[in-house]
Amino acid sequence: MNLSDSWTAGPQPIVRVSAAEAVFKAIRDAIESGELPVGHKLSAESVLAAKFAVSRSVVREALRSCAALGLTETRTGKGTFVIANRSGADLVLGQFSARSLMEARPHIEVPAAALAAQRATAEQLEQLRGIIDAMEIEDDPEMWVTLDASFHATIAAASGNGVFERVVNDIRDAMVNQSETLNLITGRQHPSDAEHRAIFTAIQGGDGAAAAQAMSAHLVAVDEALTQILGATKA
């Protein structure tokens, strides 16, 4: 039995930090230490779930964050492989990188929030309220990031600007992946809830300047969380 096989062998239940965070840390540590070397094929999700005594959805969440850090790659029909033993200089988020997102988002979402404060319909305000209420009690990380993307997309729609709405919808999947990774590594979920509530309160109050400021503060906090992961150079 080689070293990487021994890493998989035997049950090793994890005390929930969250569970996904604990699984992610265990896999990341094993990769960075060389216990799971570059080129190694990870065990199937079902095997990893049994190893850590968690659900397969928890394993999938952890593996998505490993992929976002550039540590692993899933090849269709072949499995997930270790491709690096250190995280890259950026997060891999499908079509867009984290740095590209954070360069673009303030130019789109800050003015969108300001316009939403002036143009949001009663129905859109109610939709935003419902999303925030759901996020604040949601304990499923995968569902939370879906709601997060919906919140930002709804603000873009409420801006009444079709360009902002289209762009946010185009980057929606990358935003989901980014939020998932940030929540897992830096614990951003609960701070984001408070930031989203501040954005909504300003939009609901019709205060465009406050809405823009609240959205800007939220995006700065996201950027700072990315800096924690990627190093001193801000995204």
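Which helices each supply at least two residues of the lining of the largest pocket? They are helix 9 and helix 10, where helices are DSSP runs of H or I with at least four residues, numbered from the N terminus. The model is predicted, so local features need pLDDT of at least 70 and side-chain atom pairs count only at pLDDT 80 or more, while totals for chains, interfaces and linings use all residues. Residues are numbered from 1 along each chain as its sequence is written, and side-chain values use heavy atoms, with hydrogens and water left out.

The largest pocket holds about 260 Å³ of space. A pocket is an open set of points on a 1 Å grid over the protein atoms alone, with protein on both sides within 12 Å along at least five of seven lines; lining residues have an atom within 4 Å of a point. Volume is the space filled by probe spheres set on the points, which are joined across faces, edges and corners. Of the 13 residues lining this pocket, Ser18, Pro141, Asn183, Gln189 and His190 lie nearest its centre. The lining divides into three nonpolar, five polar and five charged residues. Here Ala, Val, Leu, Ile, Met, Phe, Trp, Tyr, Cys and Pro count as nonpolar, Asp, Glu, Lys and Arg as charged, and the others, Gly among them, as polar.

Gln189 also takes part in a helix pair. Helix 7 (residues 141–158) and helix 10 (residues 189–204) pack at an angle of about 25°, with axes 12 Å apart. The axes are lines fitted to C-alpha atoms over the stretch in contact, and angles run from 0 to 180 degrees between N-to-C directions. The contact (heavy atoms within 4.5 Å) involves Trp144, Asp148, Phe151, His152 and Ile155 of helix 7, and from helix 10 Gln189, Ser192, Asp193, His196, Ile199, Phe200 and Ile203. By class, six of these residues are nonpolar, four polar and two charged.

The whole structure has one cavity of 30 Å³ or more, a cavity being a set of points where a 1.4 Å probe fits but cannot get out. The volume of the largest cavity is about 100 Å³. Among its 13 lining residues, Asp148, Ser179, Ser192, His218 and Val222 are the closest to the centre. Helix 7, helix 9 (172–186), helix 10 and helix 11 (208–230) give two or more residues each to this lining, and helix 9 gives the most, with four. The lining of the largest cavity has three nonpolar, seven polar and three charged residues.
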